[in-house]
Amino acid sequence: TNEEIISIRRETLANMCDERARVLQDQFNVSLNHVHALSILVSTFHHGKTPSAIDQKTFGEYTERTNFERPLTSGVAYALKVTHSDRAKFEQEHGWTIKKMETEDQTLAQDFVPENFDSAPIQDEYAPVIFAQETVSHIVSVDMMSGEEDRENILRARASGKGVLTSPFKLQKSNHLGVVLTFAVYDTILPHNATEEQRVEATIGYLGASYDMPSLVEKLLQQLASKQTIAVDVYDTTNASGLIKMYGSEIGDISEQHISSLDFGDPSRNHEMHCRFKHKL
Ligand code: WA2
């Protein structure tokens, strides 16, 4: 009967959606674990050894060769915590000035070249990128605290000791929406019950990964069969009054929709996958 067909169709959609959500969530979790391990690598071989065993060249080669371990990421980078009183010494040692993050107007300006990046205005502290994977080399020397989303992430990462995610925003040098995952690096091995103040005090840097959602979810869905059958949207649903679409299209019939939950590992952010058939019954 028609009712049975509709019921089977609904169940098929639910199964396909749940499978896609699970694959995306698992891939995200795999890369989160590797970004976490990378933060420990920097702690051990950059901060834990004198002289450091990591420079930009080593970091660039290592992160490029281990890219397969971080599915869905478009690049990883390491920023240092620099207080204003240490800024002059830091800039002298590195031979460059700490830059402010590029604004959207600057991105759109055709004649804008990185050398024109504005020097960062005076702040209590900065988070300049010192190492970057080749794919995100444009953020080297940029103060990540000068970007609202990155700044919030840095503050939350170091106070919590956990991997934290931004809400979706337009990444530097990209036309797509993405999210950034950040882990703080500490100068001591902190107990699990360390206070926020102890954590902030012990912070020396921030290891971050950027995720370009549209191109990466697309790549993932292409690996699964029946991409022609269902349309998939991924939303940040943290703010119930305004869902943010991270990936998706307008096609399909939303009267028949299945929602699968997604857990990207940051309890203060919520995500969902919304699926529907591309063609009506
Ligand atoms: N990485 C790449 N592109 C970006 C970006 C970012 N953040 N922010 C805006 N566009 C070094 O949390 C520390 C990486 C930030 C880490």
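Modeller: Let me start with a definition: a pocket is an open set of points on a 1 Å grid over the protein atoms alone, where a 1.4 Å probe fits and protein lies on both sides within 12 Å along at least five of seven lines; its lining residues have an atom within 4 Å of a point. The second largest pocket here holds about 380 Å³ of space, a volume being the space filled by probe spheres set on the points, which are joined across faces, edges and corners.

Colleague: Before we go on, what kind of model is this?

Modeller: The model is predicted, with local features needing pLDDT of at least 70 and side-chain atom pairs pLDDT 80 or more, while totals for chains, interfaces and linings use all residues. Residues are numbered from 1 along each chain as its sequence is written, and side-chain values use heavy atoms, with hydrogens and water left out.

Colleague: Thanks! Which residues lie nearest the centre of the second largest pocket?

Modeller: Val136, Ile139, Met144, Val180 and Ser210 do, out of 27 residues in the lining. Strand E1 (73-80), H5, E7 and strand E8 (203-212) each supply at least two lining residues; helices (H or I, at least four residues) and strands (E, at least two) are DSSP runs numbered from the N terminus.

Colleague: How do the residues of that lining divide into nonpolar, polar and charged?

Modeller: There are 15 nonpolar, nine polar and three charged residues. Asp, Glu, Lys and Arg count as charged, Ala, Val, Leu, Ile, Met, Phe, Trp, Tyr, Cys and Pro as nonpolar, and the others, Gly among them, as polar.

Colleague: And what is the volume of the largest pocket?

Modeller: About 630 Å³. This largest pocket is lined by 24 residues, with His36, Ile40, Gly161, Ala184 and Tyr186 closest to its centre. Helix H1 (2-47) gives the most to the lining, seven residues, and strand E7 (177-186) also supplies at least two. Ten residues of this lining are nonpolar, eleven polar and three charged.

Colleague: What makes cysteine 17 and cysteine 275 a disulfide?

Modeller: Their sulfur atoms are 2.1 Å apart, and the cut-off is a pair of cysteine sulfur atoms within 2.5 Å, so the pair qualifies. A search of the whole structure finds one disulfide. Because cysteine 17 lies in helix H1 and cysteine 275 in strand E12 (residues 271-277), the pair ties together parts that are 258 residues apart in sequence.

Colleague: Is that disulfide right-handed or left-handed, and why?

Modeller: The torsion about the S-S bond is about 75 degrees, so this disulfide is right-handed.

Colleague: Why is cysteine 17 called buried?

Modeller: Buried means under 20% relative accessible area, exposed over 50% and partly exposed in between (1.4 Å probe, protein chains only). Cysteine 17 has a relative accessibility of 0%, so cysteine 17 counts as buried. Cysteine 275 is buried too, because its relative accessible area is 0%.

Colleague: What makes histidine 274 and glutamate 272 a polar contact?

Modeller: Their side chains come to 2.8 Å. A polar contact is a pair of N or O atoms within 3.5 Å; within protein, one must be able to donate a hydrogen and the other to accept it, and sequence-adjacent residues count only if both atoms are side-chain atoms. At 2.8 Å, the distance falls within the cut-off, so the pair is listed as a polar contact.
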